[in-house]
Amino acid sequence: MAAPTTTPLDRERPFGADELFFSTTDRRGVILAGNAVFQRVADYAEEELIGQAHNIVRHPDMPRGVFRVFWDHLDAKKPIAAYVKNMARDGAYYWVVATAVPMANTTMKANVRIDLFIDTFPPLNRDKIGTRVIGTVPP
């Protein structure tokens, strides 16, 4: 099934700061699994996500180069994290700190909301953050 064409909306998709969601993909980025929080926030049923390219949730505001850096690190067997803007099926956006860890024949990606940090630090320019990779996770 091809990824649906979705028009981005200027509406944030809510989820709690205490909610952790994850997905696993194969080495080509095809979704193998995802937990219930990922399904709810992305607004897809499990059977709609399994077998799809993970970019089904890619927001068009996110430069493709961020994901190239992600895959370069994973191909080098290095974990990585970045602030990423994703898009739910209905076009609403959601921001996550996406952490990807290479595993044998799969990749695990865990996402968390960062509202706790936004309240602590000066306001962030969200238009610029999506272009910066936060860094790699130490071994």
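In the hairpin formed by β3 and β4, five residues lie between the strands, and G91 takes a positive phi near 95 degrees. Strands and helices are DSSP runs numbered from the N terminus, with at least two residues (E) for a strand and at least four (H or I) for a helix. The structure is a predicted model, in which local features need pLDDT of at least 70 and side-chain atom pairs count only at pLDDT 80 or more, while totals for chains, interfaces and linings use all residues. Residues are numbered from 1 along each chain as its sequence is written, and side-chain values use heavy atoms, with hydrogens and water left out.

β3 and β4 pair in the antiparallel sense over eight bridges, where pairing requires that DSSP finds at least two bridges between two strands. I80 has A100 of β4 as its bridge partner. Eight of the eight residues of β3 are buried, so this strand is largely enclosed by the rest of the structure. Buried stands for a relative accessible area under 20%, exposed for over 50%, and partly exposed for values in between, with a 1.4 Å probe and protein chains only. Cover is present on both faces of β3: I80, A82, V84 and N86 are buried on one side, and A81, Y83, K85 and M87 on the other.

The protein as a whole contains five helices and six strands. Along the sequence these elements follow the pattern β-β-α-α-α-β-β-β-α-α-β. Of its 139 residues, 42% count as buried. The accessible surface comes to about 7,900 Å², and 57% of it belongs to carbon and sulfur atoms; areas were computed by the Shrake-Rupley method with a 1.4 Å probe, and for residues only the protein chains shown count as cover. Among contacts with a separation of 6 or more, 57% are between residues 24 or more positions apart, a contact being defined by heavy atoms within 4.5 Å.

The largest nonpolar core has 23 residues, and those with the most contacts inside it are F21, F38, Y94 and V96. The elements that give two or more residues to this core are α1 (36-42), α3 (64-75), β3 (80-87) and β4 (93-103). A nonpolar core is here a set of buried Ala, Val, Leu, Ile, Met, Phe, Trp, Tyr and Cys residues joined through side-chain atoms within 4.5 Å.

Aromatic side chains were examined next. A pair of aromatic rings is described by the distance of the centres and the angle of the planes. Rings of Phe, Tyr and Trp (its six-membered ring) pair if their centres lie within 6.5 Å; planes under 30 degrees apart count as stacked, over 60 as edge-to-face and the rest as tilted. The structure holds five such aromatic pairs. F15 and F21 form an edge-to-face pair, because their ring centres are 5.2 Å apart and their planes stand at 85 degrees. F15 is buried at 8% relative accessibility, and F21 is buried at 0%. The rings of Y83 and W95 make a stacked pair, because their centres are 4.6 Å apart and their planes lie at 15 degrees. Y83 belongs to strand β3 and W95 to strand β4, so this pair ties together parts that are twelve residues apart in sequence. Y83 is buried at 2% relative accessibility, and W95 is buried at 7%. Ring pairs also link F15, F21, F38 and Y94 into a cluster.

N35 is found in the loop between β2 (31-34) and α1 and is buried at 16% relative accessibility. With neighbours within four places in sequence left aside, N35 is in contact with L20, F21 and F22. H54 is found in the loop between α2 (46-49) and α3, and its relative accessible area of 12% places H54 among buried residues. H54 and T24 are 30 residues apart in sequence, and their C-alpha atoms are 9.1 Å apart in space.

Two residues other than glycine have a positive phi. For D43, in the loop between α1 and α2, phi is near 70 degrees; D43 is partly exposed, with a relative accessible area of 29%. For K77, in the loop between α3 and β3, phi is about 65 degrees; K77 is exposed, with a relative accessible area of 63%.
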